Amino acid sequence: GVAGVVASGRDVSRLMFFALHALQHRGQESAGIAVNDDGHVMVQRDLGLVSAVFDEPSLQSLRGAAAIGHVRYSTTGANRWANAQPVTRNRGDGMVALGHNGNLTNTDALRAELSGDPEPLVATNDSELIAALVAREPGSLLDAVAAVMPKLVGAFSVVALSHRELVAFRDANGVRPLVIGTFDGDGYCVASETAALDQ
């Protein structure tokens with residue numbers, strides 16, 4: 001399951017914690033949160049349930065105006081730390097963090113396209129492939145996502161965070177849907193199902 005929130009002045013890591021707790025049935029192998037903290041992306045992820053990965057001190061250390069989160073069950077790639085999400089890649093003068101739900105069916109072609117990339121792939125899931133493709137594209141995060149989306153074949157929903165933007169997208173057929181909501185006009189949230197928005 002994936003979720004994202006943009007809400008300046010709110011405790012976005014705590015909002016994300018409760019959103020992921022509501023999505024826990026979507027994956028119980030690992031959990032992670034990435035925040036945009038004053039122009040820097042900070043990530044905490046680990047194997048285990050949401051309540052085991054995050055405690056009060058860790059939530060207080062994840063400050064910012066935007067956050068993405070992920071809970072995982074294995075579809076592609078083993079249950080190991082490198083496959084926990086959000087995955088990260090260096091991008092320009094910053095970093096992109098990405099959480100992905102679903103499966104790509106053209107991973108061999110994407111791996112071949114990335115074979116000359118200077119930053120090696122360390123995970124065995126298709127999520128890192130998406131992050132690596134996005135990281136190579138110039139321009140804004142939104143521009144990069146728009147350039148990469150036509151290359152992705154399969155069913156997926158994705159949240160991505162840079163030091164300036166949060167972008168959410170899904171496959172063209174909506175097989176892996178995304179829902180969007182607002183905080184009384186004071187921010188936005190997106191998730192792979194409505195349970196995360198009810199928190």
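Student: What is the strand order in the open sheet of 6 strands?
Tutor: The order is β3-β2-β4-β1-β10-β9, and the pairing is antiparallel. Keep in mind that this is a predicted model.

Student: And which are the edge strands?
Tutor: They are β3, residues 40-47, and β9, residues 179-182; each of them pairs on one side only. On average, neighbouring strands in this sheet are turned by 10° against each other, direction ignored.

Student: How many bridges are there between β1 and β10?
Tutor: There are 4 bridges, linking residues 2-6 of β1 with residues 188-191 of β10 in the antiparallel sense. As for a residue pair, Gly4 is opposite Val190 in β10.

Student: Which strands does helix α1 lie across?
Tutor: Helix α1, residues 12-22, lies across β1, β2 and β4. Its angle to β4 is about 25°.

Student: Now the other sheet. What is the order of its 4 strands?
Tutor: That open sheet runs β5-β6-β7-β8, with antiparallel pairing. β5 (87-91) and β8 (166-170) are at the edges with a single partner strand each, so one side of each has no neighbour in the sheet.

Student: How many bridges join β7 to β8?
Tutor: 5 bridges, with the two strands running antiparallel; β7 covers residues 154-161. Ser157 faces Arg170 of β8 across that pairing.

Student: Which strands does α5 lie across?
Tutor: Helix α5, residues 126-136, lies across β5, β6, β7 and β8, and runs at about 140° to β6. Helix α6, residues 141-148, also packs on the sheet and touches β5, β6, β7 and β8. The direction of α6 makes about 20° with that of β8.

Student: Change of topic: what is the volume of the largest pocket?
Tutor: About 150 Å³. Its lining has 14 residues, and Leu15, Phe183, Cys189, Ala196 and Leu197 lie nearest the centre. The elements giving two or more residues to that lining are β1, α1 and β10.

Student: How many of the lining residues are nonpolar, polar or charged?
Tutor: 11 are nonpolar, 3 are polar and none is charged.

Student: Last one, the whole chain. How many helices and strands?
Tutor: The chain has 6 helices and 10 strands. Its radius of gyration is 15 Å, close to the 16 Å from the globule rule for 199 residues, so the chain is as compact as a globular protein of that length. The C-alpha trace spans about 40 × 30 × 30 Å along its principal axes.

How values were computed
Residues numbered from 1 in each chain as written. Predicted model: local features only at pLDDT ≥ 70, side-chain atom pairs only at ≥ 80, totals over all residues. Heavy atoms only, no water. Pairing = 2+ DSSP bridges. Axes fitted to C-alpha atoms, helices over the stretch in contact; angles between N-to-C directions. Contact = heavy atoms within 4.5 Å. 1 Å grid on protein atoms, 1.4 Å probe; cavity = no way out; pocket = protein on both sides within 12 Å on 5 of 7 lines; lining within 4 Å. Points joined across faces, edges and corners; volume = space filled by probe spheres on them. Nonpolar A, V, L, I, M, F, W, Y, C, P; charged D, E, K, R; others polar. Rg over C-alpha atoms; globule rule 2.2 N^0.38 Å.
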